[in-house]
Amino acid sequence: MNKNQDKPKINMPKPNLSWLYITIAVVMGFLYFTSSEGGLNKEITYTEFKDIVEKGYAEKLIAYDNNTVKVFIKKENIVDVFKKEATNAGKNPSVSVQVGSIESLDKFIDEEEEKGNFKGSIRYEKDSDVFSTIFWNILPIAFFIGIWMFFMRRMGNGSGAGGAGNVFNVGRSKAQLFEKGASKVTFKDVAGQAAAKQEVQEIVEFLKEPQKYTELGGKIPKGALLVGPPGTGKTLLAKAVAGEADVPFFSMSGSDFVEMFVGVGASRVRDLFRQAKEKSPCIIFIDEIDAVGRARGKNPNMGGNDERENTLNQLLTEMDGFGTNSGVIILAATNRADILDSALLRAGRFDRQIHVDLPDLNERKEVFGVHIRQLKIDKTVDIDLLSRQTPGFSGADIANVCNEAALIAARHNKPSVSKDDFMAAIDRIVGGLEKKTKVMTANEKRSIALHEAGHATISWFLKYANPLIKVTIVPRGRALGAAWYLPEERQITTKEQMLDEMCATLGGRAAEELFIGHISTGAMNDLERVTKQAYGMIAYAGMSDKLPNLCYYNNDEYNFSKPYSEHTAELIDSEVKKMIAEQYERAKELLAEHKEGHNKLAELLIEKEVIFAEDVEAIFGKRPWASRSEEIMAEEKSLENDSKLIENKKENNEEGNEQPSKEAEKTV
C-alpha cells in the first residue's frame, strides 16, 4: 500500500494577487482605527473653530507645520459639535481647521487662556498621517508589481502546462489537441473530392488497422500534403480525418511556429513532436505550411541566421531525422506548393501529395446538395442549372452563394429561397452589388448598350465562344455593364477556342469604333484580359508563328531577369500586337455583317436594361453552333433514351420467352 495515500490531503488555497490586496487593506484599516487618535473627524471653518474654543469645547490642540490644526472635543460637548451621541463619535473625536499662520494661532490661544475659555494643552508636530504615508509609499511599488505580473501572465498565457505567468512557456507548442471523438466532422460532410477523400481515407485505415498493411511488408506513410487553390476544402478534409480517425489530433497553423524571439520556433516544433510521441498513434495537422516551409536561401532580405529557416530545419529533422517518430502522421495544407523547400517535399517526409482541385460539374452538384439542405427552397431551384452556371467556383464560393441567396430571399420577405434568389446571388458574387441609382447621361447609356451588344453579337456567331446567358447595362460593382456567359469546362484548350474568346472580348471596343465613331475607357478591362491571354498564348503555350513550341515560363519567384533575350522580347511583343489586331479586325467584320441585329439588340438593352439569351435568339435566330454544355445535355438525354429502349427490349424478350415455356408445359 502506498504510504502517501494514508496522509490526509490538505487543500491549501493557491497564491493569488487578490489575497495580497485584501491583506494590505485589512492591515491599513486596523492601524487606522486602532490608533490613539482614531475617531470621528470633520473639516470646519476658522469661524467655527473660534466659536468652539470660545465656548470651551476644546480639550486639546495639535498644530502641524502645514498650518493645519486638529481640535479634540470634550466628551460632554460631542453632541453640541457633531450632533451625535458620544458612543457613535469614536474614541477621540476631533475637528480640523486650516489657520493663516502659527503666530496668529498662538495669539488667539493666549487670549482665550486669559479669558478662561481654553484650559487644555497645545502641541506642535510635523504632519505624519499614517494612512497617507503607507498609501503613498506602497502604491508605486504595488503599481509596478501589477504591471510586471500582467506582462508575465500575457507572455505565458496558453503556453502549456507550466501555468500562466511563466516566461519560459513561450517556447511551448500552441497546437490545439482534439482527443478521440472530439471532432464531429466526417467524410460525409465533405462533398466531391472523391480522389482526395480516398487517399485521406487510406491514412485513417492505416491508423485503425496497421497490421493489414504491415503484414505484406508495407510501411505506414509518414505524411501527406494537401495542395490546392483556396476554398477547395483542404482544412475541411483534415477536420474529417480528425472525426474519422479514432486517434488524438494536433492542429495548428504554420504561423504559430514563428515568433519574434530567437529560437522559439524550433523549440515549439520540438515540443509539438514530443507531445505527439507521447500520444502516438496520432495525427499532426499543419495548416498553411508555406508560412514556415518556404525554400531556404532564396530570400535576399534575410541573412543565413533566419529564424524561419531555423524553424524549418528543426521541422525537417523531426519529420525524418536520426530519431524515429513511429505512429505520428503529419498532414499539411498549402496553396503555394511551388515555393516549398524541396527537402520538405521529398519522400520520407511527405510521401504523398494530394491535389484538392476546384470541383467539376458533378462535384459542384454534390457541394450544392450539402449546402442547400440547410435552406428552405421551392420547386423552381434546379441544382443542375446552378452547378452549370458556377464554373470555377470553389466549395467556399458555393457556400457563399447559398448563404447570399438566403439573405436575398429574407430581404424580400419570401417564405422560401427561389431560383431567382440564387441567380441574384451568383450575379452579386461575380459582378458586385447593383447600383441602379448611379446617374448616367443618355449618351453614356447608349455607348454602354452598344458596347455590351457587341460582346453578345460576336459571341452568338462564333463557334467556340462561350454561350450567352444574359446582358445588362445596370452598373454592378465597378463595371458599367456586363455580359454573362456559361463557360465550358475544358481540360485542354485549343488555339481556335482561345482566339474566338479573344475576338468576343474585343467586340465591345469594335462596336464603339464602328457605331459611335470614337472609343472610350469602358473597354479597359477587356483589353487587360486580352493582352494577358495573348502573352500567355505566345510566351507560355507556344502558339505563335514566329516562336512556335517555345515556353518561357519561369517558376523562380526571386529571379528578376527574363528567361529570354531582348530580341525575343521584341518578337513576343510584335506577335502579341499581330494576334490582337487580327482578332479586332475579325470582330469589326462580324459586327458590320450583322449591323441591323446589333442595333436592334442595343435598342432593346436601352429599353429593358437586362436581356436574356431568348431575346438574342429572337433577333438573330437560333445560334448556329451548339455549345459544349448543350452537346453534353443532348448526349445525356440520348443515353437515357437508349437505356430505356434496352430495358423495354429486355422486358419484351422475357415476356416472349415465358409464353413458349407455358405452352410447352401445356403440351407435355
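Leaving aside residues up to four places away in sequence, Glu 112 touches Val 53, Glu 54, Asn 117 and Phe 118, where a contact means heavy atoms within 4.5 Å. This comes from a predicted model, in which local features need pLDDT of at least 70, side-chain atom pairs count only at pLDDT 80 or more, and totals for chains, interfaces and linings use all residues. Residues are numbered from 1 along each chain as its sequence is written, and side-chain values use heavy atoms, with hydrogens and water left out.

Glu 112 is found in helix H4 (residues 102-115); helices (H or I, at least four residues) and strands (E, at least two) are DSSP runs, numbered from the N terminus. Glu 112 is buried yet has no salt bridge. Buried means under 20% relative accessible area, exposed over 50%, and partly exposed in between (1.4 Å probe, protein chains only). A salt bridge needs a side-chain nitrogen of Lys or Arg within 4 Å of a carboxyl oxygen of Asp or Glu. The nearest side chain of opposite charge, Lys 115, is 4.2 Å away; Lys and Arg count as positive, Asp and Glu as negative, while His and the chain ends are not counted.

Next comes the sheet. Six strands form an open sheet in the order E6-E8-E9-E10-E7-E11, with mixed pairing; two strands pair if DSSP finds at least two bridges between them. Strand E6 (176-178) and strand E11 (352-355) stand at the edges with a single partner strand each, so one side of each has no neighbour in the sheet. Strands E8 (residues 249-253) and E9 (residues 282-287) run parallel and are joined by five bridges.

Helix H23 (residues 613-620) has Ala 613, Asp 615, Val 616 and Phe 620 as its buried residues. These lie on the same side of H23 because they cover an arc of only 160° around the axis, taken from the directions from the helix axis to the C-beta atoms. Glu 614 and Ala 618, on the other side of H23, are exposed.
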